[in-house]
Amino acid sequence: HDSFADVPWTNQLVAYVRQILAQDRVKLVGVCFGHQIIGRAMGAKVGRNDNPAGWEVSVTDVDLTAEGRKVFDQGKDVLSIYQMHKDIVFDYPAGVQPLGSTGLCKVQGMFVPGRVFTVQGHPEFTEEILVEILEVRHEQGVFGDGIYKDAMARVGRRHDGVMVGKRFIEFFLGK
């Protein structure tokens, strides 16, 4: 499935997210596909990355913006997070504070205080989960040897997934 498909269930999901965004009671958090759906609901172009490198996988360093440094509050300029995507939000929607970018994906996170918090990466992934995904996708031919070997070399690196999850909880609690 992809977030930019013109199919009934995806269109209904985007319409539902627009309804949520139109009111001010519910906070939205989006991860990967959810990040893309929220971006689409906010009017951003979403689609397959046209960069020849294509996939962004494994532990990847995201260059944080000034707002990203505040939101993640780590005293550093880089967020390390698991990635597994080829689809992207191309541009930041109006009213969104950019959180970070990489060379393959300039919209790595979106923030609207008290309303929306998204990341393109996967804070919920562990090394074990990602190794299994990488192996299966390599066996199926989704990833060639080059992408697979590069991703496997980075899969065990330190990542900030737990901290991102903590920030999501704080966001929901209004902290």
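Which residues lie nearest the centre of the largest pocket? They are His1, Met84, His85, Asp87 and Arg137, among the 15 residues that line this pocket. Elements giving two or more residues to that lining are α2 (33-41), β4 (78-85) and α4 (127-139); helices (H or I, at least four residues) and strands (E, at least two) are DSSP runs, numbered from the N terminus.

A word on the model: this is a predicted one, where local features need pLDDT of at least 70, side-chain atom pairs count only at pLDDT 80 or more, and totals for chains, interfaces and linings use all residues. Residues are numbered from 1 along each chain as its sequence is written, and side-chain values use heavy atoms, leaving out hydrogens and water.

| Pocket | Space | Lining by class |
|---|---|---|
| Largest | About 270 Å³ | six nonpolar, four polar and five charged residues |

In the second largest pocket, α6 supplies the largest share of the lining, three residues. Among the lining residues are Val71, Phe117 and Arg167.

Let us look at Arg167, which sits in helix α6 (residues 161-173). Arg167 is buried, with a relative accessible area of 11%, as buried means under 20% relative accessible area with a 1.4 Å probe and protein chains only. Its side chain reaches the backbone oxygen of Val71 at 3.5 Å, while a polar atom of the Arg167 side chain lies 3.2 Å from the backbone oxygen of Phe72.

Note on methods: Buried means under 20% relative accessible area, exposed over 50%, partly exposed in between (1.4 Å probe, protein chains only). A polar contact is a pair of N or O atoms within 3.5 Å; within protein, one must be able to donate a hydrogen and the other to accept it, and residues adjacent in sequence count only if both atoms are side-chain atoms. On a 1 Å grid over the protein atoms alone, a cavity is a set of points where a 1.4 Å probe fits but cannot get out, and a pocket is an open set with protein on both sides within 12 Å along at least five of seven lines; lining residues have an atom within 4 Å of a point. Grid points are joined across faces, edges and corners, and a volume is the space filled by probe spheres set on the points. Ala, Val, Leu, Ile, Met, Phe, Trp, Tyr, Cys and Pro count as nonpolar, Asp, Glu, Lys and Arg as charged, and the others, Gly among them, as polar.
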